[in-house]
Amino acid sequence: MKLHYFPLSGHAHRAHLFLSLLGVDHDVVMVDLANGAHKSPEFLKLNPFGQVPVLEDGDVVISDSIAIMTYIAKKLGATNWLPEDAKGAAKVQKWLSVAAGQIAFDVCAARRITVFNAPFNADEVITRAHAILALIDDELTGNDWIALDHPTIADVALYSYIANAPEGNVDLAAYANVRAWLNRVEALPGFVPFEQTAAGLRAAV
């Protein structure tokens, strides 16, 4: 397998992290986003949206990080990570939707301002980021994992941007449950860290 990847992309990281957690042998192919490699004709043949990550598995090409995790879990029969039963699958899907929604548009957006100079209103996205983090912190009260009693792709989908939220000036100090959960994810066998930048709250660290 080949994973087309950019080290500062949380979407790319979550795909790489899941492959590593499952021990899937794969080559990481760096995509030079800074110089527009994701908009080249060759890359657009793989993903017309011009985004990373993209997974190549023989003649199968999967774009979108959540789709990649779903593909890997289904291909390997990893029902502990993506359950087959209706109730378990629904619980996981709820948090995948949060990862694609509030996390992407709030926590991730705040980080995009400081790391990529995205033209968002910092006060607005940081306020919204704290709202979803408070909700997640409440959900983790008495629970080790976000969806079920063991780690699932929901935890992987949420991890990357929450872990690097301080880069977007989103302080995690108030969220003890979230910070403990981050530590549990990082203790999983096969964990690979998300590259950090000296941005936001980390600029003075």
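1. A salt bridge here is a side-chain nitrogen of Lys or Arg within 4 Å of a carboxyl oxygen of Asp or Glu. By this rule the count comes to six. One of them joins the side chains of R111 and E167, at 2.6 Å from N to O. R111 sits in helix α4 and E167 in the loop between α6 and α7, so this pair ties together parts that are 56 residues apart in sequence. Both R111 and E167 are buried, where buried means under 20% relative accessible area, exposed means over 50%, and partly exposed is what lies in between (1.4 Å probe, protein chains only). R111 and E167 are also linked with R202 in a network of salt bridges.

2. The basis of these values should be kept in view. This is a predicted model, in which local features need pLDDT of at least 70 and side-chain atom pairs count only at pLDDT 80 or more, while totals for chains, interfaces and linings use all residues. Residues are numbered from 1 along each chain as its sequence is written, and side-chain values use heavy atoms, with hydrogens and water left out. Helices (H or I, at least four residues) and strands (E, at least two) are DSSP runs, numbered from the N terminus.

3. A second salt bridge joins the side chains of R128 and D106, at 2.7 Å from N to O. R128 is in helix α5 and D106 in helix α4, and the pair links distant parts of the chain, 22 residues apart.

4. D144 forms a salt bridge with R184, and the closest N and O atoms are 3.8 Å apart. D144 is in the loop between α5 and α6 and R184 in helix α7, so the pair ties together parts that are 40 residues apart in sequence. D144 is partly exposed, with a relative accessible area of 46%. R184 is partly exposed as well, at 23%.

5. Next, the helix packing. Two packed helices are described by the angle between their axes and the distance between the axes. The axes of α4 and α5 come within 8 Å and cross at roughly 140 degrees. Axes are lines fitted to C-alpha atoms, for helices over the stretch in contact, and angles run from 0 to 180 degrees between N-to-C directions. α4 and α5 are therefore oblique to each other; angles under 35 degrees count as roughly parallel, over 145 as roughly antiparallel, 65 to 115 as roughly perpendicular and the rest as oblique.

6. α4 passes α5 in a left-handed crossing. A crossing is left-handed if the near helix is turned anticlockwise from the far one by less than a right angle, and right-handed if clockwise. The contact (heavy atoms within 4.5 Å) includes W95, V98, F105 and D106 of α4, and V125, R128, I132 and E139 of α5. By class, the α4 and α5 contact has 16 nonpolar, one polar and four charged residues. Ala, Val, Leu, Ile, Met, Phe, Trp, Tyr, Cys and Pro count as nonpolar, Asp, Glu, Lys and Arg as charged, and the others, Gly among them, as polar.

7. Helix α1 (residues 10–21) packs with α6 at an angle of about 135 degrees, with the axes 8 Å apart. That makes α1 oblique to α6. α1 passes α6 in a right-handed crossing. Among the residues in contact are H11, R14, L17 and F18 of α1 and I153, V156, Y159 and Y161 of α6. The contact of α1 with α6 divides into eight nonpolar, four polar and one charged residue.

8. Some backbone details deserve a check by eye. A cis peptide bond joins V52 and P53, with omega about 5 degrees. P53 lies in the loop between α2 (41–46) and β3 (54–57). N47 is placed in the loop between α2 and β3 and is buried, at 3% relative accessibility. Leaving aside neighbours within four places in sequence, N47 is in contact with V54 and S63.

9. N117 has a positive phi of about 60 degrees although it is not a glycine. N117 is in the loop between α4 (86–116) and α5 (122–139) and is exposed, with a relative accessible area of 66%. N169, also not a glycine, has a positive phi near 65 degrees. N169 lies in the loop between α6 (153–163) and α7 (176–186) and counts as partly exposed at 34% relative accessibility.
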